[in-house]
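Q: I would like to learn how to read helix packing in a model. Please take one feature at a time.

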Amino acid sequence: MDLLKQWTEQAKEALTEARQLCGDAYEYNEAAKNCLKISAKQHQQLSELAKLTASQCARLDSSTSLIKQLLNLVQNHPTFGQLNDLHDRLEKSLKRLRECVLDPALGSEYPNLYSFVDDTSLEDLKTRLRGVTDGVWNAYEKLSGLLEEDICEQYHVRLGSIPLDFLPPVNNDLAESLADLLLQVAQHFDQCSEALTIYVGLSDVEKKELTEILRNDSNHVPAVLEDLRTGLEETKAYHLTVLEYQRTVDASAKRLEELAEELNKNQLTNRRHEAAHELMSAHTGLEIPQLAQELIQLERHYNHFAKAYHLLLQEIHRRQAYEKRVRSVVDNLVYKLEQEQQTETKSRIDFCTQYGDYLPQTLWNAVTDPPLHFEIIEHQYTELPNVKIPADKKVKKDKTSNNH
């Protein structure tokens, strides 16, 4: 009976300690859970902020690249340097069209070749040319000072040095096992208390069996308490891990938020974005080569137009010469045909006069047919104008080159 009282007292003390150990572990675990929940959410927000900051850095890269392209275009691109020259060449070709007066024999209502030029399209091209030229130089003056500081690489390096890829601690899974251990101690105390009540009424055999069971359970209690102490230490260690995770998140958050705020407030960065946006809206870099190509094509077209007009006058004279040659050939042919037809007609009349009376008509009725006859018909056509060929050295040169 004394042994049972001793075990009961030990069980009571063990239960008190077990409750304290479980209570402490619960408090540490709850504190860790709350801290982990807040820090994990903050960590997730940091990941989104990091993506946004990386996007801003990429946008800054794009803006800087676009500005560098424009500056390089102004400084080194041959097409931009050729725009003024191409414009001057176009003006010369237009001047030539204005000076080229149309031959009155053509019957045109226009006074010169320039009258055929589309003034609206030409003015539109010149307006675009002036806009691009002025826009590029204005942009050059505005942007030339925006690349003095190489801030892009600085932001990338600072963003890359902020750790964000660490993993949060997993949830502590000791709570259920600690509760099971506490339940074992509580059940042992209940068994000891109940044994004191019923021990007197038991038989010797039952008393012996009960004593052995309680002895084994009492011997096992220290191991259970040790497991509870170990669980509490592991929970404390888990709590420290969560706190370290919280400190890491806080440190990264501070650095990243400072970087993001600086990136947003940096006036040089904002000016780069604004300048790049203006350039993207104007499509300046793309329009310069396109304008140059249009100037080249127009200048070539107008030069060919003037050349083609002078060659048209030559073509009219060539056709006039052709008509004279053909008419001469036709006149000679008509004369020869008339001579041949007259000779043949006389020969047939002589034959029929001398021998016709002796030949029956049923023998060959075509004996009296007239000779083969041809007629040359002149079809209607547009009369060639009587134009004059201007004494233009350029035309003679073109004609010589065409012959070669």
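Q: Which hand does the crossing of α4 and α6 have?
A: A crossing is left-handed if the near helix is turned anticlockwise from the far one by less than a right angle, right-handed if clockwise. The crossing of α4 and α6 is left-handed. Helices here are DSSP runs (H or I, at least four residues), numbered from the N terminus. This is a predicted model: local features need pLDDT of at least 70, side-chain atom pairs count only at pLDDT 80 or more, and totals for chains, interfaces and linings use all residues. Residues are numbered from 1 along each chain as its sequence is written, and side-chain values use heavy atoms, without hydrogens and water.

Q: At what angle do α4 and α6 pack?
A: Axes are lines fitted to C-alpha atoms over the stretch in contact, and angles run from 0 to 180 degrees between N-to-C directions. Helix α4 (residues 151–160) packs on α6 at about 160°, with the axes 10 Å apart. Over 145 degrees counts as roughly antiparallel, so α4 is roughly antiparallel to α6.

Q: Which residues of α4 and α6 meet?
A: Contact means heavy atoms within 4.5 Å. Tyr155, Arg158 and Leu159 in α4 meet Leu256, Leu259, Glu262 and Leu263 in α6.

Q: How do α5 and α6 cross?
A: The axes of α5 (residues 175–198) and α6 (residues 204–265) come within 9 Å and cross at roughly 150°. These two helices are therefore roughly antiparallel to each other. Their crossing is left-handed. Residues of α5 in this contact include Leu178, Leu181 and His188; those of α6 include Leu210, Asp217 and Val221.

Notes: Parallel < 35°, antiparallel > 145°, perpendicular 65-115°, else oblique.
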